[in-house]
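Thanks for coming. I will go through one structure today, sheet by sheet and then helix by helix, and I will keep to the geometry.

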Amino acid sequence: MKILHMTPPEVRNGVYQYIFNHIPFIDLSKYEFSFLTKVADELKETKEYKEYHFPVYRLNGVQRDGQEQFEHEVREILSQGFDVIHLHTSAWRGFLIEEIAMELKIPKVIVHSHSSGIDFVDEARREEILKDHIYYRERFTLEYATDVCACSGPAAEWLFSEQIPKEKIRILPNAVDVKRFRYDKEVRNRIRKKLGLENRVVIGHVGRYSFTKNQEFLVHCFKKAYKKNHRLYLILIGQGENRAVVQKLVRTLGMEEHISCYGWMENIPDYLQAMDVFCLPSRFEGLPISAVEAQAAGLRCLISDTVTRETDLTGLVKFLPLEEEQWADVLAGVETDKQRNWMDDCFDRAGYSMEASCKKLIQLYESV
């Protein structure tokens, strides 16, 4: 079965992580995953591509810059005999690809919602995209897809209007391989020693440096907390357009000796072991894989109350409003996390094991 994933133009985000997490658990002799993306070269640099060598198709145009050329390009790619096209979507900018896929009678055309807001720093740009999103959301019906799904309730409400019956929307969990994240004291000690943080309380964050993830808020909260507790240290890990902005803020606040802004790392599970609490002060989310991974590591989590309660799979999550003093007070009281549990049973019960998630995904692809 040939399955084409249409994916966003940033490789290190939750959508790719969702797909990459599933690949090792998929029988690749039966199901071929391929990708349609604007960042084909970047995708081919990932360790996942180097391991699996899945087909990658480059999408050069966009619908709004020239429909005729874009349509020609899409038709050429979609005419290569796919059984499934799985469109991973954060906001509506049009649904011409879906329309073409249905016209070509591709057996499965799946629209999958992964977000619940517009991730742009510039407010005017955000408002412009929001208008487009609302316009197309009201016009999207099941004429343009065989199936619709979402990572959470809020993500479903964000992408699908009342024209899509709620019972038609499948919730697909952002599952992770819990075994990769199991708490390991030796790894924790090794990473903390490597970073020179053996005697510090490590606050951690993993996510794209972006409007959505709201790292500037966390930096401000951390500075206030540090005044009350000098053992604190903040680690930020990710890539994205806002990294330089966050680094400049750290320098402006004079916190370079107590905050590290790292780029993307392949060994995220190791760094989660080193942390004492995981923070995610997002303005909005579909359902954040980073917080799921942190819980798989048995790590306590502080998450903004704008994020769906569905994120708490383990009882380790505390939701806080985006108010600096509250976050600073909680962070100031964090202590070294010396004992953590394996979370396999919690993930199994919540349906967030990779085995359960892959079963749902294959059922979706195979259903008539």
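Which strands does helix α4 lie across? Helix α4, residues 67-78, lies across β1 (2-6), β2 (32-37), β3 and β4. Its direction runs at about 165° to β3. Before I go on, please keep in mind that this is a predicted model.

Let me place those strands. They belong to an open sheet of seven strands, in the order β3-β2-β1-β4-β5-β6-β7, and the pairing is parallel. At the edges are β3 (56-58) and β7 (169-171), each of which pairs on one side only. From one strand to the next, the twist averages 25°.

Strand β4, residues 84-89, pairs with β5 in the parallel sense over six bridges. Within that pair, H86 is the residue opposite I110 of β5. Further along, strand β6, residues 147-150, pairs with β7 in the parallel sense over three bridges. There, A150 has I171 of β7 as its bridge partner.

Now the helix α16, which also packs on the sheet. It touches β1, β2, β4, β5, β6 and β7, and its direction makes about 140° with that of β5.

Staying with β5: how many of its residues are buried? Strand β5 covers residues 108-113, and six of its six residues are buried. In a regular strand the side chains alternate between the two faces of the sheet. For β5, one side carries K108, I110 and H112, and the other carries V109, V111 and S113; all of these are buried, so both faces are covered. Note that the buried set includes K108 and H112.

Next, helix against helix. Two packed helices are described by the angle between their axes and the distance between the axes. For helix α1 (residues 14-22) and helix α16 (residues 354-366), the angle is about 100° and the axes are 10 Å apart. Since angles of 65 to 115 degrees count as roughly perpendicular, α1 and α16 are therefore described as roughly perpendicular to each other. On the α1 side the contact is made by Y18, N21 and H22, and on the α16 side by M354, S357, C358 and L361. By class, the residues of this contact are four nonpolar, three polar and no charged.

Is H22 buried or exposed? H22, which lies in helix α1, has a relative accessible area of 0% and is therefore buried. Leaving aside residues up to four places away in sequence, H22 touches M354, S357, C358 and L361.

A356, also found in helix α16, has 31% relative accessibility and so counts as partly exposed.

C279 has L302 in β12 as its bridge partner.

What lies across this sheet?

The crossing of α10 past α11 is right-handed. In this contact Q215, E216, V219 and H220 of α10 meet V245, V246, L249 and V250 of α11. Those residues divide into five nonpolar, two polar and one charged.

That is what I have. I will take comments now.

Conventions. Residues numbered from 1 in each chain as written. Predicted model: local features only at pLDDT ≥ 70, side-chain atom pairs only at ≥ 80, totals over all residues. Heavy atoms only, no water. Left-handed = near helix turned anticlockwise from the far one by under 90°. Helix = DSSP H or I, 4+ residues; strand = E, 2+ residues; numbered from the N terminus. Contact = heavy atoms within 4.5 Å. Nonpolar A, V, L, I, M, F, W, Y, C, P; charged D, E, K, R; others polar. Buried < 20%, exposed > 50% of the residue type's maximum accessible area, 1.4 Å probe, protein only. Pairing = 2+ DSSP bridges. Axes fitted to C-alpha atoms, helices over the stretch in contact; angles between N-to-C directions. Parallel < 35°, antiparallel > 145°, perpendicular 65-115°, else oblique.
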